[in-house]
Amino acid sequence: MARTRPGRSCPRHYRYSPAVFARAADLAAQSLYIVGGLYGNPFALEAVLAMARREDATLVFNGDFNWFNVDPAEFEAVNETVLRHAALRGNVETEIAGADSGAGCGCAYPEWVGDAEVERSNEILRRLRGTASAYPELRERLAVLPMHLVAEVGGLRIGIVHGDAESLAGWQFSQETLRERPERAGALLAGSGVDVFACTHTCLPVMQDFATPRGTALIVNNGAAGMPNFRDTRFGLATRIASAPSAQALYGTRLGAAVVEAVPVPYDHEAWIARFDRVWPAGSPASLSYRRRIASGPGYDVEQALRTSSSTGALSRAA
């Protein structure tokens, strides 16, 4: 039996078959916001709630809405708010809901992520699990959240996942894997019976189209709603799927009667930095791994996230 590597191994109970998406839709909406990687940022949560209210949209939180929120009051507030809406459990929710710590943070990090970063993530999860232990009822609610949903918007079938089409913590839909090995993602799209896979988990956004027997299909990863996703920016990102385009969209495409877009989550940056520094001071694992990105974004640009095949040419950046 292979040795478990906390933070790198993918637990067996995280896995599912792409065939699970060939089912009737779990929800239908006129306008849908898919919010992954909130990471416990209460100001980003306020922002997405306001965005949804403005157009009477449905919200789906597709995992890792917990991470930095180790303060007990903030842990309770974030979870109570999110759980009023449709939600999936990410690896973070799965691990804090359970008692087995063998998977570490449950991130299933690939080899290109350094060991020091993996261990810091395991440390963050240990601290968050300590906070969560005081909330058994919330942990029970997190434990029974689904790992995937199927939504329908404007005739599009949307597979909503945390990781990829095979695992809650899968990296097949990461921007790195989509760049280096897109053929696997294309096969997963073709075999799943969905038009769009909307995911998060891997922390950097990407939107990439594929030609399938059903026509053009799409993978859209929002990166993180609770942190900047692009160089020198101060906003998170969510996926919006609706019949009409948003004036705020950074990029997107039309598929049939619907648009699929990446939209900014404009949270209070200064307030979030102050809150983060209070809970995770310099030298803490979260500060070492995330403080620079939270302050000014990663070394990643919008142009790197927008990828179209020569056969479809479907994606465009907003003017």
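Which element gives the largest share of the lining of the largest pocket? In this predicted model, that share comes from helix α9, which contributes five residues.

**The largest pocket**

- The volume of the largest pocket comes to about 480 Å³, and among the 23 residues that line the pocket, those closest to its centre are Glu-117, Thr-202, Cys-203, Tyr-290 and Arg-293.
- Two or more lining residues are given by each of the elements α3, which spans residues 91-97, and α9, which spans residues 285-296.
- Sorted by class, the lining of the largest pocket holds 13 nonpolar residues, together with five polar and five charged ones.

**Helices α2 and α5**

- Two packed helices are described by the angle between their axes and by the distance between those axes.
- Helix α2, made up of residues 72-82, and helix α5, made up of residues 136-143, have axes that come within 11 Å of each other and cross at roughly 40°, which means that α2 is oblique to α5.
- The handedness of this crossing of α2 and α5 is left-handed.
- On the side of α2, the contact is made by Phe-75, Glu-76, Asn-79 and Glu-80, while on the side of α5 the contact is made by Leu-138, Arg-141 and Leu-142.
- Taken by class, the residues in the contact of α2 with α5 are three nonpolar, one polar and three charged.

Methods
Residues numbered from 1 in each chain as written. Predicted model: local features only at pLDDT ≥ 70, side-chain atom pairs only at ≥ 80, totals over all residues. Heavy atoms only, no water. Axes fitted to C-alpha atoms, helices over the stretch in contact; angles between N-to-C directions. Helix = DSSP H or I, 4+ residues; strand = E, 2+ residues; numbered from the N terminus. Parallel < 35°, antiparallel > 145°, perpendicular 65-115°, else oblique. Left-handed = near helix turned anticlockwise from the far one by under 90°. Contact = heavy atoms within 4.5 Å. Nonpolar A, V, L, I, M, F, W, Y, C, P; charged D, E, K, R; others polar. 1 Å grid on protein atoms, 1.4 Å probe; cavity = no way out; pocket = protein on both sides within 12 Å on 5 of 7 lines; lining within 4 Å. Points joined across faces, edges and corners; volume = space filled by probe spheres on them.
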